[in-house]
Amino acid sequence: YNERAQLPVVKSISLLPGQKSDLDQHIEYLGGVPVIIKVMGGSKGVGVMRADSRESLKSILDYVRTLDSMILLRQYIPHDYYGRLVVVGDKVAGSHRTYSMDGEFRTNVPGNIEENKQGIVFSEEIQRVAVEAVRSTGVELGGVDLLFVSETEFYISEVNFPCGFTSTERIAEVDISSQIIDHLIKKANSV
């Protein structure tokens, strides 16, 4: 959805369990190795792996295909931090960013320390992209995860619905729950 809406997304390829594919074509499309393998269904980085060579990608895929899960191959984006923007209706209700821990390529992982997380109000342009990302999926509430290469270069990693927003509420010290309720009441009264 986000790619069709011409939003900046991480290049991805969906694979079904057991599907054989042309690894060389996929690696070329994704910009070369390293490549990210994401086994769908996990959260907080569980099931996200990085293959640093064609050989390691092939062996990881041989294993994950046995799991009977949807698999995404993704472009590896070396990033400074990831941002979570929670969209309610046509605005960002709250947002935070999380920096990586030492020795970890993933940012949203269990055990990442509080000092690596901070509430932030992103620029109007970044908020606009987040709202468009949620809108393009056909929902009114979503958690948009952005990978930031720099303050101005970023990519949509995913849009989650339903989305966990309590971490953003706590980190950013904003009341997203009330904003969701207010949005629903307003919407119900307009019918």
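So, which residues of S2 are buried on one side, and which on the other?

What we have here is a predicted model, where local features need pLDDT of at least 70, side-chain atom pairs count only at pLDDT 80 or more, and totals for chains, interfaces and linings use all residues. Residues are numbered from 1 along each chain as its sequence is written, and side-chain values use heavy atoms, with hydrogens and water left out.

The protein has five helices and nine strands; those are DSSP runs, H or I of at least four residues for helices and E of at least two for strands, numbered from the N terminus. Along the sequence you read β-α-β-β-α-β-β-β-β-α-β-β-α-α. The radius of gyration is 17 Å, close to the 16 Å from the globule rule for 191 residues, so the protein is as compact as a globular protein of that length. That's over C-alpha atoms, and the rule is 2.2 Å times the number of residues to the power 0.38.

Okay, back to S2, residues 35-39. Five of its five residues are buried, so the rest of the structure largely encloses this strand. Buried means under 20% relative accessible area, with a 1.4 Å probe and protein chains only. In a regular strand, side chains alternate between the two faces of the sheet. Here Val 35, Ile 37 and Val 39 are buried on one side, Ile 36 and Lys 38 on the other.

And the neighbours? S2 pairs antiparallel with S3, residues 48-51, over four bridges, and with S4, residues 71-75, antiparallel over five bridges. Pairing takes at least two DSSP bridges. Val 35 stands opposite Ala 51 in S3 and opposite Gln 75 in S4.

Technical notes:
Buried < 20%, exposed > 50% of the residue type's maximum accessible area, 1.4 Å probe, protein only.
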